[in-house]
Each structure stands twice: as C-alpha cells, then as structure tokens.
Amino acid sequence: MIGWLFPDHCAGCGRLTGELFCADCRARLRPYPPFPPPTGLTAARVAFRYEGGLAHAIHRLKYGHRRRIARPLGDLLAAVAGPLDADALIAVPLHPTRLRERGFNQAAELAARLQRPGAPPLIDGLARVRATHQQARLEAPARTANVAGAFVWIGSTPPPPRLILIDDVLTTGATLAACAAALRAAGAHTVSALALARSVMDDAGG
C-alpha cells in the first residue's frame, strides 16, 4: 500500500519507476572482467563496472543515506556471485565515527543479502581501529599508507580458516589487503574478496 501511494524513484537513473534500481539500469550493467587479485588476497572478484546508473546508486547509498538501496544491489551481487566457497563472510568495517555519521555500513548491508540457504555465515570480529581519509580522494600510492594498520581482529576466538571479504567498491585493493593482513595475523589461512563494482580506470573507491 505504501509503495502504491509513494512509488520509489530509481537510485540509478532517478526516474519514478516504482523500483529502487530499475530494469533499464539493470540491463545496462556490464560485468567486470577477471583480474589478478591485489597483493595479500588469495582471490578477488568484482561483479560489475563502476559506471552509469550503478555508480549513481552506490553514491546515493553511501552518501545519500538511502539504506534501502542496498537491497537490490545486494541481490544483484548475490546473483552474480553464485555459490561462495568459504567458511565465513566478513564485511569491510567502517570506523565507529564514520558508522555513526552514515548510520549503517554499506558493505555489511550488501553482505546481508548474500545470506541464502547454504551460504557461509556473515560474521563480525574485524574492526577498523584507526580513522582514515576517504580512499577515493587519494592517489594510489597513498591509499596503502592510509589504511596500513587500520584493521585488527577483535573476535573472542580466531577467525575461521577461509574467509571472503565483502565490499561495495574495489579499486587498488589497499583496503582489502589491509583487512586480509589483519585476518591472517589473527589466524586465517586464505582471504578472498568479493565486491559489487570497480572502475576500469581504478578511480572510484577504496
């Protein structure tokens, strides 16, 4: 009833479509090609190119405080990801200050949509203990230094052996590599990554 009275605008194109991410924007999605994993990761996959409607939708999710957009975007990620071979999933955490500002962790919202029957559980335990500058505003070499030592494992038990990190946007992989280093230091054996989008020119995220 609420949806009929107040239909949704698409977060990708802005049109009044009744959907948070419309069929036209979904039809324009382009898969991201395979690539070597960033240093420190066992493997890495990205679902789509960061462009067009998807880039607009991710920006509105993160900076427009439109948490509901994570639902259709997370479902798209789940459909592309298929079966996930891991003991657990971990969303890339936000620093508590950033989390309070945004009100939610977009990576955790996406990861929650991967929770299907037979999927690895989504667990906590990885924490961002040092506030960092936004990665998108830094040149590639500075991103590694920006997130070095920013993550630690705070779980009461060691992490499971095989983990998949979930994030919204992957660029150089510096953030994911820093997460993987913290997880391996705590006892994980392999750490892979799955992200929703990546810019072909590596200019759109963390």
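Author: Helices (H or I, at least four residues) and strands (E, at least two) are DSSP runs, numbered from the N terminus. We're looking at a predicted model, where local features need pLDDT of at least 70, side-chain atom pairs count only at pLDDT 80 or more, and totals for chains, interfaces and linings use all residues. Residues are numbered from 1 along each chain as its sequence is written, and side-chain values use heavy atoms, leaving out hydrogens and water.

Reader: At about what angle to β6 does helix α3 run?

Author: Look for residues 52-63, which make up helix α3. This helix lies across β1, β5 and β6 (190-198). Using lines fitted to C-alpha atoms (for helices over the stretch in contact, heavy atoms within 4.5 Å) and angles from 0 to 180 degrees between N-to-C directions, α3 runs to β6 at about 110°.

Reader: Which strands stand at the edges of the open sheet?

Author: Four strands pair up in parallel (a pair needs at least two DSSP bridges), in the order β1-β6-β5-β2. An edge strand has a single partner, so one of its sides is left without a neighbour in the sheet. That picks out β1 (44-49) and β2 (88-91).

Reader: Is Gln106 buried or exposed?

Author: Find Gln106 in helix α6 (residues 106-112). Gln106 touches Leu61, Lys62, Leu94 and Asp168, not counting residues up to four places away in sequence. Its relative accessible area is 4%, and under 20% is buried, over 50% exposed, partly exposed in between (1.4 Å probe, protein chains only). So Gln106 is buried.
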